[in-house]
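Grab a pencil and open the viewer.

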Amino acid sequence: MTILTTPTASPIVLPAPLGGTLVQRVRHVDPAEYAGRPRLEIGDRTHADLEMLATGAYSPLTGFVGEADYLSVIEHLRLADGTPWSLPITLPVMPEQAEGLSGTVVLTRGGEAVGLVEVQEKYRARKAFEAREVYRTEDAAHPGVAALYAQGDVNLAGPVTLFDVPRGAFPRHHRTPAEVRAVIEARGWRSTVAFQTRNPIHRAHEYLHKVALELVDGLLLHPLVGTTKGDDVPAETRVEAYEVLLDGYYPQARTLLSVYPAAMRYAGPREAITHALSRRNYGATHFIVGRDHAGVGSYYGTYDAQEIFGAFTREELGIQILKFEHTFYCKTCGQLVSPRTCPHDASHHLVLSGTKVREKLRAGENLPPEFTRPPVAEVLRKAYAAQD
């Protein structure tokens with residue numbers, strides 16, 4: 001007798017977190033347990049780093065890096081054990097503060113206890129060295145370098161504990177790496193492409209997303225909502241724009257909007273690596289890197305953020321990098337194209353700089369539909385009108 005069986009789908013296997021284990025250092029405790037311990041008030045960027053460390057977004061890091069890892073990351077793009085990593089995640093304090101901080105230190109935000117750091121090491125920050133290697137400039141006009149120069153000269157190092165995940169202004173979209181992984185598994189996506197943005201999505205971004213969705217099962221739209229430059233579009237406006245765009249123009253079952261709570265460092269190629277590695281920790285198999293990823297001004301070459309990935313093997317990265325050239329609307333082709341697909345010169349192309357877009361919005365003008373979807377343009381126009 002022949003027994004017929006129904007084939008069962010193989011289980012979803014997501015990429016292993018960097019280091020093999022997703023770091024989990026969120027622990028709900030009564031801060032009163034630590035009454036009498038030294039306290040350290042932290043700023044927005046350190047608070048964001050605390051969350052990224054404790055939820056595993058920065059796996060394999062379990063806390064703020066010690067001196068050996070700090071120097072190795074700056075000089076070699078790797079932790080001291082050889083693991084790929086590109087940005088030194090540090091806890092800087094003033095020298096006079098460092099003297100009174102040892103053992104278990106309570107981290108506070110606005111006076112409220114938000115977590116702990118077990119101080120195991122204190123060392124001197126090499127700011128000029130860090131600026132040259134990480135940001136490729138010592139120019140204080142660079143926002144990342146300016147932030148580096150303004151912070152303390154002593155770094156504290158040690159594992160962290162976060163008391164509660166701060167869901168912030170976007171609780172519906174704020175998910176930890178473990179929670180994003182659970183959604184991916186529940187949806188049955190065997191391959192997921194992540195997209196990093198700190199700007200509203202325009203038609204060129206949409207083009208990249210949909211080309212990538214022809215290759216993979218799902219899109220993780222992962223906008224950064226931590227601290228950015230003062231002239232960047234506010235996170236609240238950007239998220240509203242993402243919502244109206246996704247509701248009308250993206251396949252709901254194949255798209256996940258989830259915020260990325262990291263602070264922006266504007267470290268260009270270096271930051272692109274961290275953005276990719278952390279998205280591996282969130283469960284993505286692919287990561288889009290376009291032109292001037294995480295750049296600012298003219299500090300980095302157009303495709304430097306793509307070329308830097310040549311420093312690692314595919315196996316080390318554990319995530320596939322999708323590299324796209326500059327994309328734009330060609331009036332003669334009548335569609336979104338890139339230099340690879342369009343034979344026409346720049347006179348045929350519709351390209352708007354960020355400055356020009358802001359000028360139009362402040363003047364109450366409509367943005368061309370070839371540049372951005374009308375519902376997105378309307379969200380931006382209203383936000384700028386309210387701001388003015």
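**Exercise 1.** Is tyrosine 266 buried or exposed?

*Solution.* Keep in mind that you're looking at a predicted model. Start with the place: tyrosine 266 sits in the loop between strand 10 (255–257) and helix 9 (269–281). Next, check its relative accessibility, which is 3%. Buried means under 20%, so tyrosine 266 counts as buried. One more thing to spot: its phi is positive, about 60 degrees, although tyrosine 266 is not a glycine. Most residues other than glycine have a negative phi.

**Exercise 2.** Find leucine 77 and work out whether it is buried or exposed.

*Solution.* First, go to the loop between helix 2 (67–76) and strand 3 (91–93), where you'll find leucine 77. Then look at the backbone: phi of leucine 77 is positive, near 60 degrees. Last, the relative accessibility is 14%, so leucine 77 counts as buried.

**Exercise 3.** What kind of peptide bond joins serine 59 and proline 60?

*Solution.* Head for the loop between helix 1 (44–54) and strand 2 (63–64), which holds proline 60. Now read omega for the bond from serine 59 to proline 60: it's about 15 degrees, and the bond is cis. Most peptide bonds are trans.

**Exercise 4.** Which side chain makes a polar contact of 2.7 Å with that of glutamine 196?

*Solution.* Begin in strand 8 (residues 192–197), where glutamine 196 lies. Glutamine 196 is buried, with a relative accessibility of 8%. Residues it touches include His222, Tyr260, Arg279 and Phe287. The polar contact of 2.7 Å is with the side chain of arginine 279.

**Exercise 5.** Where do the buried residues of helix 5 lie around its axis?

*Solution.* List them: in helix 5 (residues 143–150), Gly144, Val145 and Leu148 are buried. They cover an arc of only 95 degrees around the axis, so they're on the same side of helix 5. Finally, see what covers these residues: helix 4 (127–135) is included.

Conventions. Residues numbered from 1 in each chain as written. Predicted model: local features only at pLDDT ≥ 70, side-chain atom pairs only at ≥ 80, totals over all residues. Heavy atoms only, no water. Helix = DSSP H or I, 4+ residues; strand = E, 2+ residues; numbered from the N terminus. Buried < 20%, exposed > 50% of the residue type's maximum accessible area, 1.4 Å probe, protein only. Polar contact = N/O pair within 3.5 Å; in protein donor to acceptor, adjacent residues only side chain to side chain. Contact = heavy atoms within 4.5 Å. Arc of directions from axis to C-beta. Lists of a residue's contacts leave out its neighbours within four places in sequence.
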